[in-house]
Structures are given as structure tokens and as C-alpha cells.
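Good morning, and thank you for making time for this presentation. I would ask you to keep the sequence and the structure in view while I speak.

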Amino acid sequence: MVRLNEIRRGELVVPAPDATDAGLVFIGRIQTPWTDRLACPRQGRSDGPICRIEVFAPWDEALSGIGAYARIEVIYWLNASRRDIVRQCPADDGHARGAFSLRSPVRPNPIGTSIAVLVEVQPSALLVRGLDCLDGTPLLDLKPDRSLFTPVAPPQPGDFE
Ligand code: SAM
């Protein structure tokens, strides 16, 4: 049974900054070979170069157990993006499409996601392949790839994910 706000045995609570409504905390920084948006791949590839995801203290404690997963969903903040173009022409051919029909970095909240292949877990970092972001891109979150993730207990009526 999932209980709201419960702290379970073995879990570690750290002092977190005060939250603001929809406030985001950058929990790390992604090191990649790309410093130029034009040179950056449109989507990451599992045979792409190794990138390093640095996780800042105290969030590095949250890496415990992640080595059990072959693929990690990486969620990041595309900080150099414009956020004000709601219809876009990806092919520069005059054919405009709404931002929500694209995976363009230009969106109201420029969140990017990639499924990365886990290469190595370091004390405060992950080495992965499969990213498509600029060097220095802020990290928002890491999750095991949903397709690999098995809940620890069978779902119960009233549970939520
Ligand atoms: N894989 C993610 C997704 O689908 O949500 C991002 C895809 S987006 C098309 C990838 C492109 O975003 C890159 O080719 C690059 O042009 C741009 N980009 C990468 N890092 C960025 C950053 N930190 N700020 C703004 N744009 C960035």
C-alpha cells in the first residue's frame, strides 16, 4: 500500500530547498561533446558518444540502485531555447506545425527527454549513450526506463504511481 508522504525504512531524507509553485530545481549538469546547437543530434542514438550526467549533492544519494537498469530516462531543461514560438516550421519550407506536434526544443516549458543506455555508474554521475543536448544542459530528473521497470509490489486498489 502506498501511503502519502511516508518515509520507509532505509530511505534518506535530505534538506530540500523550499518549493515554489511548479518550481524546478536543477539537480545536475550534463556534459556532452556538443557546444553548438547545429552540431547537436536531433535525437540521441544508442551508439552515440558517451556523455556524463553529473548529479549535484545532495541529490547524488538518489543514484543508489540505478545500476540495475540498462536504460535510463533522462529529463533535462533545454535552457538555450526560445519559448515563444507556438507554430514552427521544422523544415523551413513554410509548412508550420504546432509546437505540441513536434519534439522541437522550442516550447513553452523547454523540457527534453531521452532514453539513454547506461554505461557506468560513478559516485555522483552516470556515463550514458543516447543524449542529444548541449554541453552544460541542466538536469531535471532521472528515471528507470518505464518498459524495464517492475513495481516492487503488485498494484493494489487505490494505489497510484
Ligand atoms: N530528445 C529530446 C526530446 O525529444 O524531448 C530533445 C530533442 S531536441 C529536437 C534536440 C535538439 O535540441 C538538439 O538538436 C539541439 O538543437 C537542441 N538543444 C540541445 N540542447 C539544448 C539546450 N540546452 N538548449 C536549447 N536547445 C538545445
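**The ligand shell and the strand pairing**

By class, the shell around the ligand comprises 8 nonpolar, 7 polar and 4 charged residues. Please bear in mind that this is a predicted model.

How many residues surround the ligand, and which are the closest? The number is 19, and the closest are P41, Q43, N79, R103 and D132. Among the secondary structure elements, strand β6, residues 111-122, gives the most to this shell, contributing 3 residues. As for location, the ligand sits in the second largest pocket.

At R103, an N or O atom of the side chain lies 2.5 Å from an oxygen atom of the ligand. P41 takes part through its backbone: a polar backbone atom there is 2.8 Å from a ligand oxygen atom. At T137, the side chain places an N or O atom 2.9 Å from a nitrogen atom of the ligand. On its own, the ligand has 600 Å² of accessible area, of which the protein covers 96%.

Let me close with the strands. Which strands are joined to β8 by bridges, and in what direction do they run? Strand β1, residues 28-31, is joined to strand β8, residues 137-144, by 3 bridges, and the two run antiparallel. Within this pairing, R29 stands opposite P138 of β8. Strand β3, residues 71-77, is likewise antiparallel to β8, with 5 bridges joining them. Here I75 stands opposite D141 in β8.

Note on methods:
Residues numbered from 1 in each chain as written. Predicted model: local features only at pLDDT ≥ 70, side-chain atom pairs only at ≥ 80, totals over all residues. Heavy atoms only, no water. Pairing = 2+ DSSP bridges. Helix = DSSP H or I, 4+ residues; strand = E, 2+ residues; numbered from the N terminus. Near = heavy atom within 4 Å. Polar contact = N/O pair within 3.5 Å; in protein donor to acceptor, adjacent residues only side chain to side chain. Areas by Shrake-Rupley, 256 points an atom, 1.4 Å probe, with all protein chains shown as cover. 1 Å grid on protein atoms, 1.4 Å probe; cavity = no way out; pocket = protein on both sides within 12 Å on 5 of 7 lines; lining within 4 Å. Sits in = over half its atoms within 2 Å of the grid points. Nonpolar A, V, L, I, M, F, W, Y, C, P; charged D, E, K, R; others polar.
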